[in-house]
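This briefing is meant for a reader who is meeting the structure for the first time. It moves through a handful of local features, grouped by topic.

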Amino acid sequence: MQNSNSFKSGTQSHAISVSELNRQARTLLERSFLTIQVEGEISNFVRPSSGHWYFTLKDDKAQVRCAMFKNRNQVLSKQPKQGDKVIVRAKVSLYEGRGDYQLICDFLEPAGSGQLQVAFEELKNKLLKEGLFDRKQKQALPEHPKHIGIVTSPTGAAVHDILTVLKRRFPGLPVTIYPTAVQGEDAPQQICKAIILAEAHQVCDVLVVGRGGGSLEDLQAFNNEQVARTLFDCEIPTISAVGHEVDVVITDFIADIRAATPSAAAELVSPDQQELQLRLNQLSLRLKRQQKQQLFTAKQQLSNLQSRLRHPGQILKEQAQRLDHVELKLNNQIRRILAQKQIKYQQLEGRLKAQSPEQLLLRREEQLQALYQRLKQACQSSLKSQQLKLSSLASQLQTVSPLATLERGYSITKDSDKKVIQSASDVVSGQKIEVHLHKGQLHCSVDEVITEH
């Protein structure tokens, strides 16, 4: 009992969910297989409102579910049907919701078309090397074709589309249909005969060769080497208009122009009636406007010529008036010149007078007089300044002069040798001395000498 519980506990701890299992299985499948091609028969084909395709691909022993999403299947020219044998290009995957192993397809083609594609590429390379695709070999389409030839099936959708477009765009354009089969074993030979017949008639100036859409097998007549060479040798400018825009055949490279569809070819070769009518109306209006403008210009020129054609008397009067005007202008000019000469003469006369010796002496005398006055004033000013300075110095000297001391009652005493006596000890009793006063001198004799102790 304990062992059983232990087993359950261990199992639960390592278990994964179903969704995780499917996710890991899908990842393993997608990583293990690169893009592959698988051939089989279609069954159980369904197309829901989403636009995706779901079907089963089977052989006599097994089957596998397939899915082709809208963004991939919408590029195919037609939808497959129950029982078609096809080759799909797909990636191996797994639908996790149901755990169903399936193929996710990104391309689908009828079985056997692979060999047709190889043959197409071989013929294309062969003709390319021979120069049949060279742009220098191409002819230009006529700007306004006079007659159109169509090489196609008289009962197919292509001729109906072409005629419908031509009727809408330019219903008066002549068209000749060269009927031929466009698929089957006899189609290439018939197409070649139709091209040669159109060239022999010499009525068409452009030739449309084509058919409606179809599978790669359906379009093989236009991948035929004989058809390609016959189209290349055709002297009429040609347009290849085969199938839908995604369909590419050998004649698209050989023809002078490739049209995406038969309707597009009709658009290329036919002028637009409404556009031409509009252009014609515009040209008509331009012509009328130019005529009116020319007439208006001619009337203006005539009016100008009439206004210039005047009476001789009027011309003479105008000439006389012009002469008077010239005379007045000449007189004014003469007066102006004389006035200018007079002013210049006066200027020269003034300059001459200014340079005469008499005027020069007068100016020099005036300058000398001015300099004399300036020198006189300078001398007086200098003398006055020196007098003031002397007076100041005399005053300063007077302040420290001995004479000034004498004026205040002092005297100067000298001995017989004129030496100033500064102390009583310098003299002796009975010595003759001189006493200088403020006014006058005294000659004295010393009676007694008293010195200070």
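Predicted model: local features only at pLDDT ≥ 70, side-chain atom pairs only at ≥ 80, totals over all residues.

**Aromatic side chains**

Phenylalanine 45 and phenylalanine 55 are both buried.

- The structure contains three aromatic pairs. In the pair made by phenylalanine 45 and phenylalanine 55, the ring centres are 6.1 Å apart and the planes lie at 20°, so the pair counts as stacked, given that planes under 30 degrees apart are classed in that way.
- This pair links distant parts of the chain, since phenylalanine 45 belongs to strand β1 and phenylalanine 55 to strand β2, with the two residues 10 residues apart.

- Tyrosine 54 is a residue of strand β2, which covers residues 53–58, and with a relative accessible area of 32% tyrosine 54 is partly exposed.
- Together with Val46 and Phe69, Tyr54 makes up a nonpolar surface patch, and the accessible area of these residues together is about 240 Å².

**Positive phi angles**

- Asparagine 44 has a phi near 55°, which is a positive value in a residue other than glycine, and asparagine 44 is located in strand β1, made up of residues 36–46.
- Glutamine 202, likewise not a glycine, has a positive phi of about 60°. Glutamine 202 sits in the loop between α6 (187–201) and β8 (206–211), and glutamine 202 is exposed because its relative accessibility is 70%, where the cut-off for exposed is over 50%.

**Strand β12 and its partners**

- Strand β12 consists of residues 432–436, and because four of its five residues are buried, the strand is largely enclosed by the rest of the structure.
- Strand β11 (residues 412–414) runs antiparallel to β12 and is joined to β12 by three bridges, with threonine 413 having valine 435 of β12 as its bridge partner.
- Strand β13 (residues 441–445) is also antiparallel to β12, and five bridges join these two strands. Here valine 435 stands opposite leucine 442 of β13.
- A hairpin is formed by β12 and β13, with four residues between the two strands, and glycine 440 in the turn has a positive phi of about 95°.

- How many disulfides does the structure hold? The number is zero, where a disulfide would need two cysteine sulfur atoms within 2.5 Å.
- Cysteine 105 is buried, as its relative accessible area is 2%.
- Cysteine 234 takes part in no disulfide either, and the nearest cysteine sulfur, in cysteine 204, is 9.4 Å away. With a relative accessible area of 5%, cysteine 234 is buried, since the cut-off for buried is under 20%.

Terms used:
Residues numbered from 1 in each chain as written. Heavy atoms only, no water. Patch = residues over 30% accessible without salt bridge, like charges linked within 9 Å, V, L, I, M, F, W, Y side chains within 5 Å. Areas by Shrake-Rupley, 256 points an atom, 1.4 Å probe, with all protein chains shown as cover. Salt bridge = Lys/Arg side-chain N within 4 Å of Asp/Glu carboxyl O. Buried < 20%, exposed > 50% of the residue type's maximum accessible area, 1.4 Å probe, protein only. Pairing = 2+ DSSP bridges. Phe/Tyr/Trp six-rings, centres within 6.5 Å; stacked < 30°, edge-to-face > 60°.
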